Protein chains: 2
Amino acid sequence: MYISKRGMRILDGNQPLVAAHYRCASDPWHPESNPKGYINFGTAENHLVFDLLKNRLNASPDIREHHTHYAELHGMSDFREALASYLTDYTGVKASAEHIVTATGSSAILDMLMYALCEAGEGMILPAPYYAGFDHDLKTRVQVEPVPAYTRPEDGYKLTLEVLQQALLHAGKRTIKVRGIIITNPNNPLGQTYDRETLEMIVKFAADHKLQIVADELYMNSVFGSQPYVSLAEVAAEAGADIHLVYGFAKDFALSGFKAGLLHSTNEKVLQVVRELAYFMPVSNATQQILINLLRDKDFVKHFTDENKRRLKSASDFTHALLDKAGIPAEPTDAGFFVWMNLSKWLDSETFEMEFQLYNFILEQARVNVMPGQFFHNAEPGWFRLCYARNEQMLETGIERIRTALHRLDEARLTIDPDSQSVSESE
Amino acid sequence: MYISKRGMRILDGNQPLVAAHYRCASDPWHPESNPKGYINFGTAENHLVFDLLKNRLNASPDIREHHTHYAELHGMSDFREALASYLTDYTGVKASAEHIVTATGSSAILDMLMYALCEAGEGMILPAPYYAGFDHDLKTRVQVEPVPAYTRPEDGYKLTLEVLQQALLHAGKRTIKVRGIIITNPNNPLGQTYDRETLEMIVKFAADHKLQIVADELYMNSVFGSQPYVSLAEVAAEAGADIHLVYGFAKDFALSGFKAGLLHSTNEKVLQVVRELAYFMPVSNATQQILINLLRDKDFVKHFTDENKRRLKSASDFTHALLDKAGIPAEPTDAGFFVWMNLSKWLDSETFEMEFQLYNFILEQARVNVMPGQFFHNAEPGWFRLCYARNEQMLETGIERIRTALHRLDEARLTIDPDSQSVSESE
């Protein structure tokens, strides 16, 4: 049977994050019933708050007849109004329902937005390390090229003007026309927020080079550290610049399975294109109604958000303490679900091949999934992302398993006789 | 701000069906509170069964923690199994969960399927008149060309081999490579089902010309007439041919707002491509869970389906009787929500311009939305689709308004003095 060339092309689309997720899901750890199962610290999900949501999600959704029929496919006005009010409350910038388009998650939003902003083959700058899914979301269907702007561990992963300029230069050499920049703030995989000064630099850089700004702020309400969250929307508004804000329920509301995302843009032409595409990827009215019921109870949202941040901070502190005890260095975390660990001292050579071997070693030996930095386009091999938004028992068990596996590596090295090694190499 | 060329292109995408739908929705008729409001007989929705669904949709959805997290984006296995069982029960062909991909409605399914089957610029044959939305679904994003195969009122809209061959010939003249054929069975806008002989002819025609077969069977459980529903899946299976079956909850379950559709295909490569694309347009787990709860109660589904058919038949009979009384001829209806009316005797000239004027006249004067045949690529001007799945009072009021408006046209003609008319024409 004939398959189109464009169809065949996307069959190459291989997402290691997704593959590892399902591998773990097929044999998941349970302290009593499956103590040898996989522990998944690889998927960016928040497992700390279902108890807070359960009763609300299971109340009668209050589906009326109009919900069963066609509604605006870029989001019911009730839904977009509740979302605008939420954004206004938490980003500190006045948002508006007319500027919102909803769709089936932030991948869907990005897919539509990239279609509107770029031709196939054009590029978007992404400060690296960046969320691994961007490669899939940008390349698969809309054929937009990610252009990494490499921040470096030795600079504390600071995003500087030089880093962005280097990326532009590099894109030029690859003859990629760059249309914009995508900023994930708070950052995934670093688990850190950008300070106001950096955001101002980004806005100026974008203006100087006529680049559009996409602000992925999916973790905006998962910030608990000393560095406060400042929305790019606010900084851009102060500078009189437009941005396209991407948000959703997957992270801050721990509802990745509900596949509900939004775009807030102040550009009418972009909105028109995205609304037209949203026809193909709308959020079910039933799901919208459940989420409206959540959002409208502002006291609940406030309580939930505060409690979520408290639990994230507690789990983050707990994780850092365990890693410290295990002798594993890590960057500080002040947002998101991530601890960015440095396992480079367990690499025999400083290569991404070796990093990938270490990844597989931990997955096979420890049966723990932690994602290697190369999936996030990290500049230097040896770093891993650990998603810590899990219960303490799982964190203890998983990190103990990693410690044991790394310890075995250390011991193997000590017992290798350098002479016999060199002999075997010369054979 | 820069908008991509591909973005600008789809801004032309203008859907008259959708525009008229929202115009009516902005000022809807109500017998007491808004007796002068618009009556919408234009949108293919079933308004007869919400009472049967209401309590079930509003029961606790039984959302568990795993529903809040990532699940297979082409449909949870529970959902695909329930759907496979439903298809097996009602198409008479054994369906399988592994052969199913779910997504946000049948437009989403078609968008993905066309991406897999055709390059941009290639074509699909559609027996005309056909569902107006196909133009949008095929052309907007995937840039596939609909190739109408014109059936004709004088032949009772019979789909013959000659009609299909003419379409192929015509596509060849336009140098469009045809990749397949899309059959809507039961048919929209005709409200009729294809007999087994015709389906066998289609399968043979497709095999002879190496065309893929897409069976849009969204109305398969809205059949109530003398002509029974036979699935193309069954006829194709007997002939050893593969087909791609499109189904969803919009029509037979009257849940167009839930945006849940499916593809059942036995071709593994097609499934792979469509699964990959489904990543961008998944059905929310919450909505899947509500639909699983419905489908699993097979007694309910049986009762609902039988009662729905009974109500559709009753409303169809009622509508035909009203039209008959109003002197409006119409094709017989045995499925779907449609009466296909012949208003050609109210056209001053046999042109589609005049048909469009009559459409606007009825919309403005009668404040009733009925869709003109040109939106469905009907071969001859003067035909209109009336969606009758509304309550009897609305049907009476709406058809009486149409009758009055047409009567006014008749009177205007009679009172025009042919001489003064010719004088004014010669000026």
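Which side chain makes a polar contact with the side chain of N40(A)? The partner is N369(A), and the polar contact between the two side chains spans 2.9 Å. Please keep in mind as you read on that this is a predicted model.

**Around N40(A)**

- You will find N40(A) in strand β1 of chain A, which covers residues 39-40.
- N40(A) has a relative accessible area of 10%, and because this is under 20%, N40(A) counts as buried.
- Besides meeting N369(A), the side chain of N40(A) reaches the backbone nitrogen of G42(A), at 2.7 Å.
- Setting aside neighbours within four places in sequence, the residues in contact with N40(A) are H21(A), C24(A), N369(A) and R390(A).

- β2(A) is joined by four bridges to strand β8 of chain A (residues 261-265), and the two strands run antiparallel.
- Within this pairing, T102(A) stands opposite L262(A) of β8(A).

- S96(A) sits in the loop between α5 (77-91) and β2 of chain A.
- With a relative accessible area of 16%, which is under 20%, S96(A) is classed as buried.
- Although S96(A) and E81(A) are 15 residues apart along the chain, 7.2 Å separates their C-alpha atoms.
- Leaving out neighbours within four places in sequence, S96(A) is in contact with A84(A) and H264(A).

**Q289(A), in helix α12**

- Helix α12 of chain A holds Q289(A), a buried residue whose relative accessible area is 7%.
- The side chain of Q289(A) makes a polar contact with the side chain of H67(A), at 3.1 Å.
- Not counting residues up to four places away in sequence, Q289(A) touches P61(A), D62(A), H67(A) and M76(A).

- The size of an interface is often given as the accessible area lost when the parts come together.
- Between chain A and chain B the buried area is about 7400 Å², and carbon and sulfur atoms give 57% of this area.
- Chain A brings 84 residues to the contact, and chain B brings 84 residues.
- How many salt bridges does the rule find across the interface of chain A and chain B? There are two, and D111(A) and R141(B) form a salt bridge through their side chains (2.9 Å, N to O).
- Polar contacts across the interface of chain A and chain B come to 53 residue pairs, with both residues at pLDDT 80 or more.
- Several elements give two or more residues to the side of chain A that touches chain B, among them α1 (5-10), α2 (16-25), α6 (106-117), α11 (268-278) and α12 (285-296).
- The most comes from α6(A), which gives seven residues to that side.
- By class, the side of chain A that touches chain B has 39 nonpolar, 26 polar and 19 charged residues.

Definitions and conventions:
Residues are numbered from 1 along each chain as its sequence is written. Chains are lettered from A and ligands numbered from 1 in the order in which they are written. This is a predicted model: local features need pLDDT of at least 70, side-chain atom pairs count only at pLDDT 80 or more; totals for chains, interfaces and linings use all residues. Side-chain values use heavy atoms; hydrogens and water are left out. Buried means under 20% relative accessible area, exposed over 50%, partly exposed in between (1.4 Å probe, protein chains only). A polar contact is a pair of N or O atoms within 3.5 Å; within protein, one must be able to donate a hydrogen and the other to accept it, and residues adjacent in sequence count only if both atoms are side-chain atoms. Contact means heavy atoms within 4.5 Å. Two strands pair if DSSP finds at least two bridges between them. Buried area is the accessible area (1.4 Å probe) that two parts lose on being put together, summed over both. A salt bridge is a side-chain nitrogen of Lys or Arg within 4 Å of a carboxyl oxygen of Asp or Glu. Ala, Val, Leu, Ile, Met, Phe, Trp, Tyr, Cys and Pro count as nonpolar, Asp, Glu, Lys and Arg as charged, and the others, Gly among them, as polar.
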